Amino acid sequence: MLQIFYDSQDFFLLKELEKLGPRKGVISQSVKDVVQSLVDDDLVSKEKIGTSVYFWSLPSCAGNQLRNVHRKLESDLQTSKNRLEELTEQSNALKKGREESEEREEALAQLKAIELKHKELKDEMVQYADNDPAAFEAMKNAIEDAHAAANRWTDNIFTLRQWCSNNFPQAKEQLENLYKEVGITDDFDYLELSPAPLSSVVD
């Protein structure tokens, strides 16, 4: 579907895309959901003009999105580093004045006993949760949704890479460097979903 937008660089109504979709291997009944998925992932733009809704996407938008993701990850990393430095300074400050004493040793022993009891109770609750069919089903559905979303992004990235390779063969080296910068390495691939064990669920 993205290739349709990139080839024409034009604006489309949904009914037009439903006619063009089968040419790219997407059945017309699925075009609406596929296009909405691309809109949700910010790979296709959507705008209502009058009574009509138009869709469009330009190759430069996908490249910009990758760069924006890269910048955001760098920003998040720097924020995490700054927070780590702050916590380290706070930890060092809290250590001051905490010299060893009999009272402190006794308090630490009580704290350790409380933490151990808390862990035992928490483990017991987890065992009950593992045997709860509703909890298991909710966890299973959450895993399947996350798996589908991850592979949808993987599919979008593969589509974008193929388009770049087809349209800019002379920039292969620059493109490979860009992929590496944003974390798309040679071992990048779809995620496989292992079957969930059902033995822990008790009727």
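A residue counts as exposed when its relative accessible area is over 50%, as buried when it is under 20%, and as partly exposed in between. Keep that in mind for the views below, which all come from a predicted model.

**View 1. A patch of negative charge sits on the surface.**
Four residues come together here: D186, D187, D189 and E192. Let's pick out D187, which you'll find in the segment that follows α7, the helix spanning 172–181. Is D187 buried or exposed? D187 counts as exposed, because its relative accessibility is 64%.

**View 2. M139, I143 and L193 make a nonpolar patch, also on the surface.**
Taken together, these three residues have about 270 Å² of accessible area. I143 belongs to helix α6, which covers residues 133–167. With a relative accessibility of 42%, I143 falls in the in-between class, so it counts as partly exposed.

**View 3. Stepping back, the chain has seven helices and three strands.**
How much of the contact total with a separation of 6 or more comes from residues 24 or more positions apart? Such pairs account for 60% of those contacts in the chain.

**View 4. Now for the cover and the surface of the whole chain.**
Of the 203 residues in the chain, 19% are buried. The chain exposes about 15300 Å².

Note on methods
Residues are numbered from 1 along each chain as its sequence is written. This is a predicted model: local features need pLDDT of at least 70, side-chain atom pairs count only at pLDDT 80 or more; totals for chains, interfaces and linings use all residues. Side-chain values use heavy atoms; hydrogens and water are left out. Patches are made of residues with over 30% relative accessible area and no salt bridge: like charges are joined within 9 Å, nonpolar side chains (Val, Leu, Ile, Met, Phe, Trp, Tyr) within 5 Å. Accessible areas come from the Shrake-Rupley method with a 1.4 Å probe; for residues, only the protein chains shown count as cover. A salt bridge is a side-chain nitrogen of Lys or Arg within 4 Å of a carboxyl oxygen of Asp or Glu. Lys and Arg count as positive and Asp and Glu as negative; His and the chain ends are not counted. The place of a charge is taken as NZ of Lys, CZ of Arg, CG of Asp or CD of Glu. Helices (H or I, at least four residues) and strands (E, at least two) are DSSP runs, numbered from the N terminus. Buried means under 20% relative accessible area, exposed over 50%, partly exposed in between (1.4 Å probe, protein chains only). Contact means heavy atoms within 4.5 Å.
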